[in-house]
Amino acid sequence: MAYQGGYPGQQYGGYGQQQPGGYPGQFGGYAPPPQQAAVSPEIQNIFRNVDKDNSGKINSLELQAALINGRGDHFSDTACNMMIGMFDRDRSGTIDIYEFEKLYNYINQWLQIFKTYDRDASGHIEEAELSQALTQMGFRFSPQFIQFLIVKNDPVHRKDISVDQFIVTCVQIQRFTEAFRARDTEQKGVITIGFEDFLNVALTTTS
């Protein structure tokens, strides 16, 4: 069962609508342990449809199969691996239904932000909209850097980015900003960084 709309259960302009589908078996295998709060029926239903192998876990490939951006493409490997990794507490490469609920809410928050700037519901935002979005998040980037971000994500057309690219770009910028701020002890906006420390930041924030 493939979902369109950026995320299962959402309907968003150019992303299309949720398609009908089923899931074999009962949901008894996902009964929450006593210490966990119950997951809503909506989340349970979405989880069942994404969990194609009925394992009780979702990996990045299953997540990718469920997510389609405004260009009609599945979310990128980078986006899906990053999102699974953010909520995979035991580092198993998969998420359970409770981690999935957190991921679901997280992506929907990003979708709401993205929709604010994708005013024509085309499924992508252009340079001016990306600049406005980042500015309202508190970043002050030059037009040249905004153009670099666009071209990095859209090297062929060099004009816009999709919702999955938007999420990856914003998360990576936030991670780099946190790493920079931790080293900018005098809050001057300038740091001196050793080569190995630089590699550590680069490899950690882009994984």
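In these legends, Ala, Val, Leu, Ile, Met, Phe, Trp, Tyr, Cys and Pro count as nonpolar, Asp, Glu, Lys and Arg as charged, and the others, Gly among them, as polar. The model is predicted, and local features need pLDDT of at least 70, side-chain atom pairs count only at pLDDT 80 or more, while totals for chains, interfaces and linings use all residues. Residues are numbered from 1 along each chain as its sequence is written, and side-chain values use heavy atoms, with hydrogens and water left out.

**View 1. The lining of the largest pocket.** Helix α7 gives the largest share, eight residues, and by class the lining holds 13 nonpolar, four polar and two charged residues.

**View 2. Arginine 89 and its partner.** Arginine 89 pairs with glutamate 99 in a salt bridge (a side-chain nitrogen of Lys or Arg within 4 Å of a carboxyl oxygen of Asp or Glu), and their closest N and O atoms are 3.1 Å apart. Arginine 89 sits in the loop between α3 (77–87) and β2 (94–95), whereas glutamate 99 belongs to helix α4 (residues 97–117), so the pair ties together parts that are 10 residues apart in sequence. With buried meaning under 20% relative accessible area, exposed over 50% and partly exposed in between (1.4 Å probe, protein chains only), arginine 89 is exposed because its relative accessibility is 54%, and glutamate 99 is buried because its value is 4%. Arg89, Asp96 and Glu99 are linked in a network of salt bridges.

**View 3. A salt bridge between two helices.** Aspartate 197 forms a salt bridge with arginine 183, the closest N and O atoms lying 2.8 Å apart. This pair links distant parts of the chain, since aspartate 197 is in helix α8 and arginine 183 in helix α7, 14 residues apart. Aspartate 197 is partly exposed at 29%, and arginine 183 is partly exposed at 29%.

**View 4. Phenylalanine 47 and aspartate 96.** Phenylalanine 47 lies in helix α1 (residues 41–50) and is buried, with a relative accessible area of 0%. Although 49 residues separate phenylalanine 47 from aspartate 96 in sequence, their C-alpha atoms are 9.0 Å apart in space.

Key:
Helix = DSSP H or I, 4+ residues; strand = E, 2+ residues; numbered from the N terminus.
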